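Reader: I would like to learn how to read some features of a model. Please give the general idea each time, then the case at hand.

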Amino acid sequence: MARKPTKPSPKLPSFFKVLQSDDFPRQLCLPPALMVHYNGPSHCKCALRGPTGKWWTVGLEEREDGFYFCEGWRRFVMDHSLKVGYFLVFDHQGGSKFDVTICNPMGCDKRRSIGNSVTVRPGKRPATAAAVEETSTGSIVFRSEHPCFIGILGKNQYRMNIPKELAVAEGLIGKERVMLKDPNGRSWNVKLRLDEKEHHGGRLLMTQGLVACWQANNISLGDTIVFELVNRSEMEVHIFRTGAGGNMRSVVLDA
């Protein structure tokens with residue numbers, strides 16, 4: 001006897017949410033009008049596909065005042081560096097799957113690689129050929145055609161060391177400043193200082209201007225930053241947030 005075909009679940013309409021309150025990293029309330037169309041379980045796991053095509057698992061929970069994305073939502077927020085003023089468009093793909101488009105306050109669509117990365121504005125190509133991959137062990141592999149180095153934000157947030165070999169090879173010794181550009185295209189003019197103390201081996205430091213970049217990007221103690229030297233006067237910064245429990249993410253450069 002032929003099996004009777006099952007009726008597909010109705011597709012929910014698309015919806016958007018503007019991130020307005022300081023509570024959004026912990027949970028996201030879904031529009032009540034949307035949930036009128038929802039006939040699934042009140043507690044389940046949803047799959048959110050970010051702009052890069054990678055999937056995040058987020059818990060859907062029903063409460064007295066509505067439905068919320070809860071468990072796993074904070075990781076989605078952190079990996080996409082979401083902030084107040086951003087707005088997200090959720091396009092239901094059937095079942096419990098959603099495609100998510102992320103736009104900054106200027107309305108630019110942000111297409112980002114996990115944890116960091118490159119912002120693509122409509123009609124423009126990425127400024128670099130950087131690529132980010134996550135291995136099966138959870139490590140991050142960063143690839144670029146440009147010279148790169150890794151820095152981890154420590155207790156002294158006012159300076160960051162540039163490896164001496166890279167500084168010499170790329171002609172940074174003797175320069176007074178370098179421009180740092182974040183994934184949103186914002187830039188900071190940062191002062192360079194050569195520490196000529198003998199026991200420091202003549203290291204080159206980035207100093208004045210760093211803290212403003214850290215604060216604008218909510219970079220915290222233990223976060224990993226990849227500095228990509230796109231030319232002698234400009235570095236692009238790629239941010240990898242500390243994981244749950246304060247565990248630093250392992251980032252490896254693959255030249």
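Reader: Which residues does Met78 touch, not counting residues up to four places away in sequence?

Author: A contact means heavy atoms within 4.5 Å. On that basis Met78 touches Arg241 and Thr242. Some ground rules: this is a predicted model, in which local features need pLDDT of at least 70 and side-chain atom pairs count only at pLDDT 80 or more, while totals for chains, interfaces and linings use all residues. Residues are numbered from 1 along each chain as its sequence is written, and side-chain values use heavy atoms, with hydrogens and water left out.

Reader: Where does Met78 lie in the secondary structure?

Author: Helices (H or I, at least four residues) and strands (E, at least two) are DSSP runs, numbered from the N terminus. Met78 belongs to helix α2, residues 73-79. The chain as a whole has four helices and 18 strands.

Reader: Is Met78 buried, partly exposed or exposed?

Author: Buried means under 20% relative accessible area, exposed over 50%, and partly exposed in between (1.4 Å probe, protein chains only). Areas come from the Shrake-Rupley method with a 1.4 Å probe; for residues, only the protein chains shown count as cover. Met78 counts as partly exposed because its relative accessibility is 24%. Over the protein chain, buried residues make up 43% of the 255 residues. The chain exposes about 13900 Å², and carbon and sulfur atoms supply 51% of that area.

Reader: Which residues line the second largest pocket?

Author: On a 1 Å grid over the protein atoms alone, a pocket is an open set of points where a 1.4 Å probe fits, with protein on both sides within 12 Å along at least five of seven lines; lining residues have an atom within 4 Å of a point. Here the lining consists of Pro25, Arg74, Val77, Met78, Ser81, Leu82, Lys83, Asn218, Ser220, Asp223, Arg241 and Thr242. Of these, Met78 and Pro25 are 53 residues apart in sequence and 7.9 Å apart in space, C-alpha to C-alpha.

Reader: What is the phi of Ser81, and what is that of Asn218?

Author: Ser81 has a phi near 50°, positive in a residue other than glycine. Asn218 has a phi near 55°, again positive in a residue other than glycine. Ser81 sits in the loop between α2 and β6 (87-92), and Asn218 in the loop between α4 (210-216) and β16 (224-231). Ser81 is buried, at 7% relative accessible area, whereas Asn218 is partly exposed, at 48%.

Reader: Which residues is Leu205 in contact with, leaving aside its neighbours within four places in sequence?

Author: Leu205, in strand β15 (residues 203-206), is in contact with Arg159, Met160, Asn161, Lys191, Leu192, Arg193 and Asp195. The C-alpha atoms of Leu205 and Asn161 are 4.6 Å apart, across 44 residues in sequence. Leu205 is buried, with a relative accessible area of 1%.
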